[in-house]
Amino acid sequence: MTGGGKGEGGLFGLSDDFFLHSAGLITKEEIRAITLAKLRLKDNGILWDIGAGSGSVAIEAGRIAKNGKAYAIEKNAERIDLIKKNIKRFGVTNVDIIHGKAPDILNDLRSPDSVFIGGSSGRLKAILEVCCKRLNTNGRIVINAITLDTLKSATDSLKWLGMPFDVISVNIARSKDIADSIFFEAQNPVYIISGVKNG
């Protein structure tokens, strides 16, 4: 488990080091910054963060949508504990933790303006079906995919649901100092799928 001190300046794109997380289960800071931009968060908007992991996206969304609400939805009890600790670290008061499996757990939540899916445990199509129905008009769904299988499942499902979308492939390389020289270490590419619910 890793994590740095409490809080950090800036509105979003906070360093990974400021979140407690285990086994690398965190949306990396550069990917998180792009994801938050794609979500088009509103000041009073409602976000569902499905497969919240460390809660990093929900927490940053709560900092942006100060008069809104973010739901951090996670099935794993250990990760729920990390989310609680991260919420306390950042002092956000508008992030609610929902312990359970999507899509079953979504029925009682307020309808969202934005949905982020970082993990689906093989239930992506069913989750997207519920999210598309509940999403407010002009709302957005953003899915982060690491594998081509997840990318295909996401795009096939959005086509089936009739939701317009676009995909970007993000390739990040971070600098490393080795023997007084700068090298770059490539991270795994991430596919960011963004859909919008037209009126």
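Colleague: At roughly what angle do the axes of α4 and α5 cross?

Modeller: Two packed helices are described by the angle between their axes and by the distance between those axes. In this predicted model, helix α4 (residues 124-134) and helix α5 (residues 148-161) have axes that cross at roughly 40° and come within 10 Å. The crossing of α4 and α5 is right-handed.

Colleague: Which residues make the contact between α4 and α5?

Modeller: An α-helix has 3.6 residues a turn, so residues three or four places apart point the same way. From α4 the contact takes Leu-124, Lys-125, Leu-128, Glu-129 and Cys-132. From α5 it takes Thr-150, Ser-153, Ala-154, Ser-157, Leu-158, Trp-160 and Leu-161. The residues of this contact divide into seven nonpolar, three polar and two charged.

Colleague: Let us turn to the sheet. What is the order of its strands?

Modeller: The seven strands form an open sheet in the order β3-β2-β1-β4-β5-β9-β6, and the pairing is mixed. β3 (95-99) and β6 (165-170) stand at the edges with a single partner strand each, so one side of each has no neighbour in the sheet. From one strand to the next the twist averages 15°.

Colleague: In which sense do β1 and β2 pair, parallel or antiparallel?

Modeller: Strand β1 (residues 46-50) and strand β2 (residues 69-74) pair in the parallel sense, over five bridges. In β2, Lys-69 stands opposite Ile-46, and Ala-70 stands opposite Leu-47. β1 also runs parallel to strand β4 (residues 114-117), to which four bridges join it. There Trp-48 stands opposite Val-115 of β4.

Colleague: Are the faces of β1 covered or uncovered?

Modeller: Both faces of β1 are covered. Ile-46, Trp-48 and Ile-50 are buried on one side, and Leu-47 and Asp-49 are buried on the other. Five of the five residues of β1 are therefore counted as buried, a term that stands for under 20% relative accessible area.

Colleague: What kind of unit do β1, α2 and β2 make?

Modeller: β1, helix α2 (residues 56-64) and β2 make a right-handed β-α-β unit. Eight of the nine residues of α2 are buried, so this helix is largely enclosed by the rest of the structure. Among these buried residues are Val-57, Ile-59, Glu-60 and Arg-63. The cover over them includes α1 (29-39), β1, β2, α3, β3 and β4. Helix α3 (residues 77-90) itself lies across β2 and β3, and runs at about 170° to β3.

Colleague: Is Lys-38 buried or exposed?

Modeller: Lys-38, which lies in helix α1, has a relative accessible area of 18% and is therefore buried. Apart from its neighbours within four places in sequence, Lys-38 is in contact with Arg-140, Val-142, Asp-166, Ile-168, Ile-192 and Ser-194.

Colleague: Finally, how should I read the backbone? Where is a peptide bond cis?

Modeller: Most peptide bonds are trans, and most residues other than glycine have a negative phi. The bond from Ala-102 to Pro-103 is cis, with omega near 5°. Pro-103 lies in the loop between β3 and β4.

Colleague: Which residue in the loop between β4 and α4 deserves attention?

Modeller: Ser-121 lies in that loop, and its phi is near 50°, a positive value in a residue other than glycine. Ser-121 is exposed, with a relative accessible area of 53%. Asn-138, in the loop between α4 and β5 (140-145), has a phi near 70°, also a positive value. Asn-138 is exposed, with a relative accessible area of 56%.

Terms used:
Residues numbered from 1 in each chain as written. Predicted model: local features only at pLDDT ≥ 70, side-chain atom pairs only at ≥ 80, totals over all residues. Heavy atoms only, no water. Pairing = 2+ DSSP bridges. Helix = DSSP H or I, 4+ residues; strand = E, 2+ residues; numbered from the N terminus. Axes fitted to C-alpha atoms, helices over the stretch in contact; angles between N-to-C directions. Contact = heavy atoms within 4.5 Å. Buried < 20%, exposed > 50% of the residue type's maximum accessible area, 1.4 Å probe, protein only. Right-handed = clockwise from strand over helix to strand, strands pointing away. Left-handed = near helix turned anticlockwise from the far one by under 90°. Nonpolar A, V, L, I, M, F, W, Y, C, P; charged D, E, K, R; others polar.
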